[in-house]
Amino acid sequence: MYEGAGTCYARDGVTFLDLFDADEYAECRKENLFYPFASREEWEVADFLLRSPLSMAAINQFLGLPMILRLKLSFRNAKELRSRAEMLPKGPSWKCQTIPSLNPTKSPIRLFWRDPVECLESLFSNPLFHDQLDFVPCCVYTTSAQLLRVYSEWLTSDSAWEIQDQLPRGATVLGTVLSSDKTNITNMTGARLAHPLLLGLANIRMSTRTKLSSRAFLLTALLPIPEYLYPKQRMRGMLEDRLMHECLSIVLKPLMIATEIGIMMSDPRTRSITLEQLDSITVDPDDLEAYFQACEEYRLNGVHSPFWKDWPLADPSVFLTPEPLHHWHKEFYDHNLQWCLIVVGAQELDFRISILQPTVGYRHFHGGISKLKQVTGRVHRDIQCYIIGLIAGAAPRRFVVAIRALMDVRYMAQSPSPDENLLARIDRSLSIFHKNKDIILSLGARMGTKKPIDNWFIPKLELMQSITASSRKVGALIQWSADTTEHAHISEIKDPARHTNNNDYDPQICRHLDRQEKLRRFAIATALKSSCAHSNSEEFLEDEVDEEDDEDCDEVTDPRTALLEELNHTRITTNYFSKARQLVATRRDNIPHPPRTFVAASTAIHLNFSPTRTGLKIDEVADDFNIPDLRQVLSDFLQRDTRNGEAGHGLGVPRRSLIDRPSTLPFERIQVWHVVRLQQVSFHDASVVLPAQTVHASPPSPVSGWPKGRRDAVLVNVDQAYDWPKSGLMGHQVCELQLIMRPVPRRRSRITWHDQYLCYVHSFKMGAIDPVTEMHVLKRAKHANGAPVGDIVPLGQLRAFIHIIPQLGPVADARLTKANSTHYHSSFFLNKYFDKQIYDALSQG
């Protein structure tokens, strides 16, 4: 920890609730907390209507309904409702400024903006972030020996430490996150654009700041998008760049002053070289074409006064970080994928990806990928999951190595806590790409509009070279992804635009956002006040919890933290770990035994309450699922289970050497499920529960489109000493899930075996790692007679879904489809690129 940083100088600052109590209508709220509304119920109706997409006419119609009139609301129409909303406590206020220009435009240039310091103070004092803020730079290591440094949050980076070195003792560094990108307001009519500038606080922890529902970014400005009348397009582009920097200088001036002199708050290409190059240009900046020509010598864009010029400690080589969404994923789609389509052939690659067995929750490209339209960042990621295994065998080895090396860089760079070892591996992968990239040009894969390109002038690829340096400077790069701010365009621009009259958007968007912010702040304040009124305020402020009353609680939830989830209307991932704990704690007669949801090691397993089929005879199931040895393996399993007890069951154990098989089983019927859901916690943070993955084990059914059945691959634990994902593949085996079942005792008989869910699996032999793809090769395990090796294991030994890609060779068989490609192949790649969880688990060490 940086000693002497983040000093608290007084405890009498102005808090969020202090501002609420200092409002001009605060006296009225002593009698009625929800003033200017008559009651909590009236406030809830008003809040619902003002947040809804209803037009003013629709609100008037709603308020005119006889049933609503009987409520005797204090507002009778939408205009009165909005006037009451204007009486609520406000946040940072909007300003409008006309920007003069020497070059004529079609319409006046207007800048709408808010004071960025006020926006930062609003985020800083927001009670919903009270336990998600860090203030002191620190160096994090994996062990107490301090041998291996980890870079995660911004305050763990070198730049935060270096900035703190330049500040007076006791000062607190607040990092400012700025994001700006044009976005469409209308698509079909008018093609209207907006250019928002979003501001965030880097001190808010990554897990909260990058969550879309946290609203951790505020719209600080709507930058103008003028239409210059200058005849040359290139000069119009330079004028737009200059205007953007001029507007940013205006908007960010309060931050520059704050950086220079500091402020008190209650409960952020090298700089020198660029400025030297600009100073060396003697051409008049108003002579656009001559100045632009002089700038080309230094590869500058013609902006003579960059906005960060007078901002102390601001260096574009530091604050312009590599950005995952636009730099890494877009680079893959714009370049790497296009190279693959040329080398493998668009038709062949389209066919290969179309015959992969679909996975629940992931897009299936049934029509291929060469002619996709309106491609999003999600699609970029989905294609990345499969591309390495698909081009292997169809493209030259060195080409596959080059593409794979860049893919490794992308996956490793997305780690939320990279350490020095990981950064070294990123540099090694970049070196591998550079050693093999010549094959891409040799194959003519880097194509321009009409002919091949023989150079590597790719800005996005160039930015990837600075990943490790930037990670050390500003922490984990995944926290700077534009995913969050791009999504904020919906709530900050597109949704407000729908409430306008489709004319002169900017002021109406600002008014709508101002109203919504008042509603949000009022909701937070009244909820906190109400919470204090219904509990001991002293306990609330000191976060004290009675130990006797909370012995059964896994963790103590602060009321403000719970309020964050409630007010944000967060779509919460179904937590089967929590459900399993609740089932164990709840003893009810209507809960089936064994429970349908349970935890096995680090995996939560969930079955539907009702089996897909129940009361089936064993021989019927054997015929339906094409498992001729089902009765035999069940007999073997029961005898092994009697001997092993709670110990894990292995796979591929010779059956004859165990015991003499009994002639009959103690049951004749079984329950069958066709799907099971497996849920894991994050590899990097065990407190983060990942979405559950649906795994199929369905019988052949031509009617449903699966004539060979739908069976997914899973990871099975065979040694309890090892735990996925931290142990990797050690103590585990990849299998194909064929059947999920539970034996049912005969009528009026007792269960004489361990009552549990079982599954029948076909084993894969784990081969060596393929040196080209660096993925494990799997082959179906078979008996001497060619029959697959099948085993029974408890369902509780399943750990994770595993994605496999058939080794398709130079040309894929034209008879393959998505429903039979897995069935007719015996050799597969264990696809480590399917998701980051699997990649991290298989790439350890």
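Visitor: Is Lys330 buried, exposed or partly exposed?
Guide: In this predicted model, Lys330 counts as partly exposed, because its relative accessibility is 30%.

Visitor: Which residue does Lys330 meet in a salt bridge?
Guide: The side chain of Lys330 meets that of Asp334, at 2.8 Å from N to O. Both residues lie in helix 14 (residues 324-344), four residues apart, which is about one turn of the helix. Asp334 has 29% relative accessibility, so Asp334 also counts as partly exposed.

Visitor: How many salt bridges does a search of the whole structure find?
Guide: The search finds 32 salt bridges. One of them joins Arg742 and Asp755, with the closest N and O atoms 3.0 Å apart. Arg742 belongs to strand 17 (residues 732-745) and Asp755 to the loop between strand 17 and strand 18 (758-769), so this pair ties together parts that are 13 residues apart in sequence.

Visitor: And are Arg742 and Asp755 buried or exposed?
Guide: Both Arg742 and Asp755 are buried. Another salt bridge is formed by Asp158 and Arg149, whose closest N and O atoms are 2.8 Å apart. Asp158 and Arg149 are buried as well.

Visitor: Which residues are linked with Glu86 in a network of salt bridges?
Guide: Asp514 and Lys518 are linked with Glu86 in that network.

Visitor: Let us turn to aromatics. How many aromatic pairs are there in the whole structure?
Guide: A search finds 18 aromatic pairs. Among them, Phe433 and Trp456 are edge-to-face, at 5.9 Å centre to centre and 80° between the planes.

Visitor: Why does that pair tie together separate parts of the sequence?
Guide: Phe433 is in helix 18 (residues 420-436), whereas Trp456 is in the loop between helix 19 (438-442) and helix 20 (459-463); the pair therefore ties together parts that are 23 residues apart in sequence. Phe433 counts as buried, because its relative accessibility is 0%.

Visitor: What about the rings of Tyr833 and Tyr839?
Guide: Their centres are 5.6 Å apart and their planes are at 35°, so the pair is tilted. Tyr833 and Tyr839 are both buried.

Visitor: Which residues form one aromatic cluster with Phe20?
Guide: The cluster is formed by Phe20 with Phe37, Trp43, Phe75 and Phe522.

Visitor: Where does the charged end of Lys726 sit?
Guide: The charged end of Lys726 sits over the ring of Phe683, 3.9 Å from its centre. Arg596 lies over the face of Phe609, at 5.9 Å from the ring centre.

Visitor: Last topic: which residues are buried in helix 12?
Guide: In helix 12 (residues 288-296), the buried residues are Leu288, Tyr291, Phe292, Ala294 and Cys295. Seen down the axis, the buried residues of helix 12 fall within an arc of 160°, so they line one face of the helix.

Technical notes. Residues numbered from 1 in each chain as written. Predicted model: local features only at pLDDT ≥ 70, side-chain atom pairs only at ≥ 80, totals over all residues. Heavy atoms only, no water. Phe/Tyr/Trp six-rings, centres within 6.5 Å; stacked < 30°, edge-to-face > 60°. Helix = DSSP H or I, 4+ residues; strand = E, 2+ residues; numbered from the N terminus. Buried < 20%, exposed > 50% of the residue type's maximum accessible area, 1.4 Å probe, protein only. Lys NZ or Arg CZ within 6 Å of the ring centre and 35° of its normal. Arc of directions from axis to C-beta. Salt bridge = Lys/Arg side-chain N within 4 Å of Asp/Glu carboxyl O.
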